[in-house]
Structures are given as structure tokens and as C-alpha cells.
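Please look over the sequence and model shown here. The report below walks through them, starting with a single residue and widening out from there.

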Amino acid sequence: MKGGAAIHSSLKSAARIAVNQLWARGALDMKALALCQLLAFAAVAHGEQPERDVVFLATADEETGSTYGMQWLLTHRPDIFAGIRYGI
């Protein structure tokens, strides 16, 4: 894309519209996975009752060590993980 690298490198923490597109950290990544997760939850909701509770937990900051995402939750809110046997 013409000028794409220059536009992308200028986005330290801001988002903007350029070349008729949204340019921002996280604007494109993981969307396919999020859609798969949504479809999986829809299948569970409309299917048989699962043997265990199904919990969806989305966190931020995964690309920079999860200091304010999963790491923070494990340190400050271990109670929300009580009884959860599996995680992906």
C-alpha cells in the first residue's frame, strides 16, 4: 500500500483514518479468532447443556506482556478463576 509503512510507524498509541482505512494498534489483528470464539459460544448456547460452565474472558495487553490484562487479573483477582479447570 502506498505510504502504508509511514502511516503505520507514526501510530505510537493513536488511531486515525488514512487512505480510507482505520490505522491503529489492534485494528486488524485477532479478528478471525474473535469470530471463531463467538461462533463457538453461539454453538454452545444453541446446543446441548455442556458438562461444565463455559466462561469467556477477553483481556487486553497481550502483545506487551499482559501487565494490565491477564497478569493483573491473576495477581489482583484470583477469585474469578475459582472453579475453572481449563483455559485456552
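F41 has a relative accessibility of 31%, so this residue counts as partly exposed. The model is predicted, and every value in this report is computed from it.

**The aromatic pair**

What does F41 pair with? F41 and F56 form an aromatic pair. A pair of aromatic rings is described by the distance of the centres and the angle of the planes. For F41 and F56, the centres are 5.5 Å apart and the planes stand at 80 degrees. That geometry is edge-to-face, because planes over 60 degrees apart are classed that way. The count of aromatic pairs comes to one. F41 lies in helix α2, while F56 sits in the loop between α2 and α3 (70–76), so the pair ties together parts that are 15 residues apart in sequence. F56 is partly exposed too, with a relative accessible area of 45%.

**The nonpolar patch**

F41, V44, V54 and F56 form a nonpolar patch on the surface. V44 is found in helix α2, which spans residues 31–45. Is V44 buried, partly exposed or exposed? V44 has 34% relative accessibility, so it counts as partly exposed.

**The chain as a whole**

The protein chain has three helices and two strands. Read along the sequence, they follow the pattern α-β-β-α-α. Of the 88 residues, 9% count as buried. The chain exposes about 7,700 Å², and carbon and sulfur atoms supply 60% of that area. Contacts can also be sorted by sequence distance. Among those between residues at least 6 apart in sequence, 12% join residues at least 24 apart.

How confident is the predictor? The average pLDDT of the chain is 80. A score of at least 70 is reached by 85% of the residues. Confidence is lowest in helix α1 (residues 4–9), with a mean of 56. Confidence is highest in α3, at 92.

Most residues other than glycine have a negative phi, and most peptide bonds are trans. N20 has a positive phi of about 60 degrees, although it is not a glycine. S66 likewise has a positive phi of about 60 degrees and is not a glycine.

Where do these residues sit? N20 is in the loop between β1 (16–18) and β2 (21–23). S66 is in the loop between α2 and α3. Their accessibility classes are opposite words. N20 counts as exposed because its relative accessibility is 76%. S66 counts as buried because its relative accessibility is 11%; the cut-off for buried is under 20%.

Which residues does S66 touch, leaving out those up to four places away in sequence? They are A60, D61, Q71 and W72.

**The salt bridge**

The structure holds one salt bridge. D79 forms it with R77. The closest N and O atoms are 2.7 Å apart. Both partners are partly exposed: D79 has a relative accessible area of 45%, and R77 has 36%.

F81 is found in the segment after α3. At 22% relative accessibility, F81 counts as partly exposed. What does F81 contact, neighbours within four places in sequence aside? F81 is in contact with L57, M70, L73 and L74. The C-alpha atoms of F81 and V55 are separated by 9.8 Å. These two residues are 26 residues apart along the chain.

**Accessibility at a glance**

The table gathers the residues discussed above.

| Residue | Relative accessibility | Class |
|---|---|---|
| N20 | 76% | exposed |
| F41 | 31% | partly exposed |
| V44 | 34% | partly exposed |
| F56 | 45% | partly exposed |
| S66 | 11% | buried |
| R77 | 36% | partly exposed |
| D79 | 45% | partly exposed |
| F81 | 22% | partly exposed |

Technical notes
Residues are numbered from 1 along each chain as its sequence is written. This is a predicted model: local features need pLDDT of at least 70, side-chain atom pairs count only at pLDDT 80 or more; totals for chains, interfaces and linings use all residues. Side-chain values use heavy atoms; hydrogens and water are left out. Patches are made of residues with over 30% relative accessible area and no salt bridge: like charges are joined within 9 Å, nonpolar side chains (Val, Leu, Ile, Met, Phe, Trp, Tyr) within 5 Å. Accessible areas come from the Shrake-Rupley method with a 1.4 Å probe; for residues, only the protein chains shown count as cover. A salt bridge is a side-chain nitrogen of Lys or Arg within 4 Å of a carboxyl oxygen of Asp or Glu. Helices (H or I, at least four residues) and strands (E, at least two) are DSSP runs, numbered from the N terminus. Buried means under 20% relative accessible area, exposed over 50%, partly exposed in between (1.4 Å probe, protein chains only). Rings of Phe, Tyr and Trp (its six-membered ring) pair if their centres lie within 6.5 Å; planes under 30 degrees apart count as stacked, over 60 as edge-to-face and the rest as tilted. Contact means heavy atoms within 4.5 Å. pLDDT is the predictor's confidence in each residue, from 0 to 100.
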